[in-house]
Amino acid sequence: DAVPERARRTGRMECIVHHLGLALGGRPAASFAVRLMMPVSNDTLLRVVRRRARQWMEPLAVVGIDDFAFRRNHHYGSIVCDLERRRIVKLLPDREIATVAAWLSDHPEITVVSRDRGGGYGEATARALPNALQVADRWHLMENASAAFLDAVKKSMKPIRAAIGATVINPDLLTSAEALQYRGFLRREETNAVVTGLAAEGVSVKEIVRRTGRSRGLVRQIVRGERNDVFRTRLGSLDPHLPFLDTQWEAGCRNGAELWRRLRGLVFRGSNRVVGEWATRRRRSEQMTTVQLRKVPSARSIARLMTQKRDHLTKAETVMVAAIEAGAPTLADARVLIDRFQAVVRDRAVLDLDPWITDASPSLLASFARGLRNDLAAVRAAVTEPWSNGQTEGQVNKLKLVKRQMYGRAKIDLLEARLLGAG
């Protein structure tokens with residue numbers, strides 16, 4: 001670059017300052033510049049980055065659009081990537097339909113737009129580029145299918161409890177945390193009964209909200225049967241070591257502190273209390289009958305077991321899944337439908353998509369099938385086209401790194417200058 005008259009830095013020095021600002025930002029770059037024996041202030045570094053910022057000038061054909069958070073649940077922006085060159089093209093200050101449509105209208109040469117399953121970007125593309133091919137993201141399709149099956153499990157919790165003989169819960173077997181969850185479940189059941197009764201009488205959701213004082217989202221969950229889960233379980237620090245604990249217990253070691261000391265030799269980082277609670281529950285369980293011991297797992301655990309390959313399940317898990325499928329046949333049908341849909345996406349079998357939607361429409365996956373039908377062209381393109389939004393998701397991760405490096409204080413022009421300049 002030509003050196004301006006009265007410049008205080010040579011062209012080579014200006015280039016180094018620019019790249020330091022792109023890579024490290026303000027204060028970190030200023031500290032590093034001192035160690036390089038070329039001191040420069042953080043404000044100067046950021047001014048150089050802004051001054052040398054460049055806009056994307058090359059023609060675009062295939063782009064991916066996704067949102068990112070300036071501040072989660074409060075303020076979001078949009079990122080646009082050139083999927084052919086794998087580069088960030090533009091950052092938009094929000095994710096409003098009008099903003100995205102205005103930017104797309106300035107680029108009529110775009111022929112393919114890859115996006116997520118949300119309706120906002122699809123509507124903006126339809127407004128600005130009606131002839132462009134929209135491609136739904138394949139990862140989001142698979143994730144939406146998994147979420148739809150989890151919702152189906154939540155709706156089937158009552159027949160599931162009846163199928164595995166866990167309609168009655170023994171409070172004596174519950175830990176303190178589980179007892180709190182169980183009392184919360186009983187309170188939820190009272191609300192569920194009131195809302196379900198009103199819905200059975202034909203009262204609208206809006207009127208139920210007015211009468212009960214509950215939120216619209218909660219009332220919809222109850223009406224759809226999505227609030228029947230008793231326990232919310234997750235993988236604990238002790239779970240990987242349960243086979244070892246069972247072996248030690250059967251060998252005669254029944255002391256919680258001694259079991260904890262033996263676990264410490266297996267690089268267990270949990271506390272003595274965790275092992276002591278497990279020993280207490282195990283001791284109580286030996287005083288109960290098999291029927292009393294049955295406790296229904298969470299909906300998420302059941303969904304995981306039903307979608308796993310059968311040869312990866314233990315004998316007890318296989319028996320439980322078989323009982324669930326026998327007691328809730330509609331859920332078993334939904335599981336088969338999920339397998340079929342995943343095969344359609346993985347094998348690019350676009351001819352099987354329409355029959356799948358037809359078969360899924362009367363099932364527990366009806367809402368998911370209806371969403372696919374409403375976005376059918378983009379879903380078909382996701383199955384047949386090579387484009388996907390994975391590249392855009394990766395660029396969002398890069399954006400998050402740069403944004404957090406500046407402690408969230410960077411304005412969108414500086415954020416864009418650093419991302420486009422580093423590309």
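Student: Where is the place of N73, in terms of strands and loops?

Tutor: Good place to start. This is a predicted model, and in it N73 sits in the loop between strand 1 (62–71) and strand 2 (75–82). Although N73 is not a glycine, its phi is positive, about 70°.

Student: Is N73 buried or exposed?

Tutor: For that we look at relative accessibility, where over 50% means exposed. N73 has 65%, so it counts as exposed.

Student: Which loop holds R86?

Tutor: R86 belongs to the loop between strand 2 and strand 3 (87–92). R86 is not a glycine either, and has a positive phi of about 60°. With a relative accessible area of 55%, R86 is exposed.

Student: What is Q391 in contact with, leaving aside its neighbours within four places in sequence?

Tutor: Contact here means heavy atoms within 4.5 Å. By that test, Q391 touches L83 and R86. Q391 itself is found in helix 21 (residues 390–405).

Student: Why does Q391 count as buried?

Tutor: The cut-off for buried is under 20% relative accessible area. Q391 has 16% relative accessibility, so it counts as buried.

Student: Now to H140. Which helix is its place, and is H140 buried or exposed?

Tutor: H140 lies in helix 6. Its relative accessibility is 15%, so H140 counts as buried. Beyond its neighbours within four places in sequence, H140 is in contact with D116, R117 and E393. H140 and S388 are 248 residues apart along the chain, yet 10.0 Å separates their C-alpha atoms.

Student: How much of the contacts in the whole protein comes from residues 24 or more positions apart?

Tutor: Such pairs account for 60% of the contacts with a separation of 6 or more.

Student: How do we find empty space in a model?

Tutor: The general idea is to roll a probe the size of a water molecule over the atoms, which shows where empty space is left. In this structure, the second largest pocket holds about 350 Å³ of space. It is lined by 18 residues, and A148, D151, K155, S367 and F368 are the closest to its centre.

Student: Which helices each supply at least two residues of that lining?

Tutor: Helix 6 (138–155) and helix 19 (366–374) do. By residue type, the lining of the second largest pocket has eight nonpolar, four polar and six charged residues.

Definitions and conventions
Residues numbered from 1 in each chain as written. Predicted model: local features only at pLDDT ≥ 70, side-chain atom pairs only at ≥ 80, totals over all residues. Heavy atoms only, no water. 1 Å grid on protein atoms, 1.4 Å probe; cavity = no way out; pocket = protein on both sides within 12 Å on 5 of 7 lines; lining within 4 Å. Points joined across faces, edges and corners; volume = space filled by probe spheres on them. Helix = DSSP H or I, 4+ residues; strand = E, 2+ residues; numbered from the N terminus. Nonpolar A, V, L, I, M, F, W, Y, C, P; charged D, E, K, R; others polar. Buried < 20%, exposed > 50% of the residue type's maximum accessible area, 1.4 Å probe, protein only.
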